[in-house]
Amino acid sequence: MSLNLQQLERIRRDFVANVSHELRTPLTVLHGYLELLLDEQWDEPKKNMFTQMQQQTVRMENLIEDLLLLSTLENEDVAPTEHKSIDVPNLVDTICREAKTLSSGNHQFEINFDTNLSLNGNEKELRSLFSNLIFNAVKYTPSGGKIFVDWSEKNKKAYFSVKDTGIGIEAHHIPRLTERFYRVDPARSRASGGTGLGLAIAKHVLIRHEGKLEIKSQWGEGSVFTCIFPKGQYTITDFTEDK
């Protein structure tokens with residue numbers, strides 16, 4: 001029996017989803033026991049050992065969650081069923097506050113929102129999209145750098161962009177950034193706690209919201225990641241009327 005590429009791709013996705021789902025429970029158990037162990041009094045070498053084990057279980061849990069989300073997105077090419085008007089400024093403001101905590105005060109944030117511009121879509125998926133882009137900017141921008149977050153409309157399109165003054169990306173990497181597990185610098189990505197799936201997830205969320213991702217970067221001078229949404233995916237809404 002011969003299988004075409006589409007069938008093989010579906011088998012691959014189903015396999016990854018099933019394995020990820022089965023790994024979730026034992027990892028949760030391990031993580032729980034390690035937390036209990038860390039509550040005990042240990043000498044420094046043993047405490048460091050248990051801490052590293054816990055950190056790795058967290059990393060694996062994050063990887064599994066991203067794999068399951070990506071599998072869901074890949075298997076559902078149509079627009080999300082939970083589709084509503086999303087208050088993007090409020091959603092992204094929450095994400096930016098989380099990013100500032102991640103930054104520990106080491107980055108300057110400049111935020112510009114069109115507070116009347118809302119987006120039609122799935123809030124959970126859009127949160128994943130926006131947080132991936134903003135958190136990546138924090139992770140790959142050296143201490144003292146700047147991060148600019150913008151949500152605005154022009155030329156009958158809505159634009160969400162994240163610009164940073166980080167390390168930048170060499171041109172030959174850019175076309176492959178949204179591939180699963182593609183890493184520009186594998187050692188740096190693992191050290192930052194990334195799963196290598198963030199931009200793949202972002203791409204599929206955008207596909208499901210009829211958007212596209214534009215990436216501009218120059219090595220050593222930072223990057224700009226822009227999500228572009230067509231007219232019909234967004235509306236001009238005065239949220240102050242509901243408050």
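**Close-up 1. The salt bridge between Glu125 and Arg208.** In this predicted model, Glu125 and Arg208 form a salt bridge in which the closest N and O atoms are 2.6 Å apart.

**Close-up 2. The salt bridge between Arg127 and Glu98.** The side chains of Arg127 and Glu98 meet in a salt bridge with an N to O distance of 2.6 Å. Because Arg127 lies in helix α4 and Glu98 in helix α3 (residues 88-103), this pair ties together parts that are 29 residues apart in sequence. Arg127 is partly exposed, its relative accessible area being 29%, and Glu98 is likewise partly exposed, at 32%.

**Close-up 3. Helix α4, its span and its buried residues.** Helix α4 covers residues 123-139, and at 1.5 Å a residue its 17 residues should span 24 Å, a value that agrees with the 24 Å found between its end C-alpha atoms. At the start of the helix, a side-chain oxygen of Asn122 comes to within 3.1 Å of the backbone nitrogen of Lys124. The buried residues of α4 include Leu126, Leu129, Phe130, Leu133, Ile134 and Val138, and also Ser128, Ser131 and Asn132.

**Close-up 4. The salt bridge between Glu179 and Arg176.** Glu179 and Arg176 form a salt bridge, with 3.0 Å between the closest N and O atoms. Glu179 counts as partly exposed at 33% relative accessibility, and Arg176 counts as partly exposed at 39%. In the structure, the count of salt bridges comes to 7. Side chains of opposite charge can pair when their charged atoms come close.

**Close-up 5. The loop between β4 and β5.** Asn155 is placed in the loop between β4 (146-154) and β5 (157-164), and Lys156 is found in the loop between these strands as well. The phi of Asn155 is near 50 degrees, a positive value in a residue other than glycine, while Lys156, which is not a glycine either, has a positive phi of about 60 degrees. Most residues other than glycine have a negative phi. Asn155 counts as exposed at 68% relative accessibility, and Lys156 is exposed with a relative accessible area of 62%.

**Close-up 6. A nonpolar surface patch that includes Leu23.** Phe15, Val19 and Leu23 make a nonpolar surface patch of about 270 Å². Leu23 lies in helix α1, which runs over residues 5-38, and is partly exposed, with a relative accessible area of 40%.

**Close-up 7. The cysteines Cys96 and Cys227.** Cys96 is buried, with a relative accessible area of 1%, and Cys227 counts as buried at 0% relative accessibility. The structure holds 0 disulfides.

**Overview. The elements of the protein.** The secondary structure of the protein comes to 6 helices and 8 strands, and from the N terminus on these elements run in the order α-α-β-α-β-β-α-β-β-α-α-β-β-β. Of the 243 residues in the protein, 41% are buried.

Definitions and conventions: Residues numbered from 1 in each chain as written. Predicted model: local features only at pLDDT ≥ 70, side-chain atom pairs only at ≥ 80, totals over all residues. Heavy atoms only, no water. Helix = DSSP H or I, 4+ residues; strand = E, 2+ residues; numbered from the N terminus. Expected span 1.5 Å × (residues − 1). Buried < 20%, exposed > 50% of the residue type's maximum accessible area, 1.4 Å probe, protein only. Polar contact = N/O pair within 3.5 Å; in protein donor to acceptor, adjacent residues only side chain to side chain. Disulfide = S-S within 2.5 Å. Patch = residues over 30% accessible without salt bridge, like charges linked within 9 Å, V, L, I, M, F, W, Y side chains within 5 Å. Areas by Shrake-Rupley, 256 points an atom, 1.4 Å probe, with all protein chains shown as cover. Salt bridge = Lys/Arg side-chain N within 4 Å of Asp/Glu carboxyl O.
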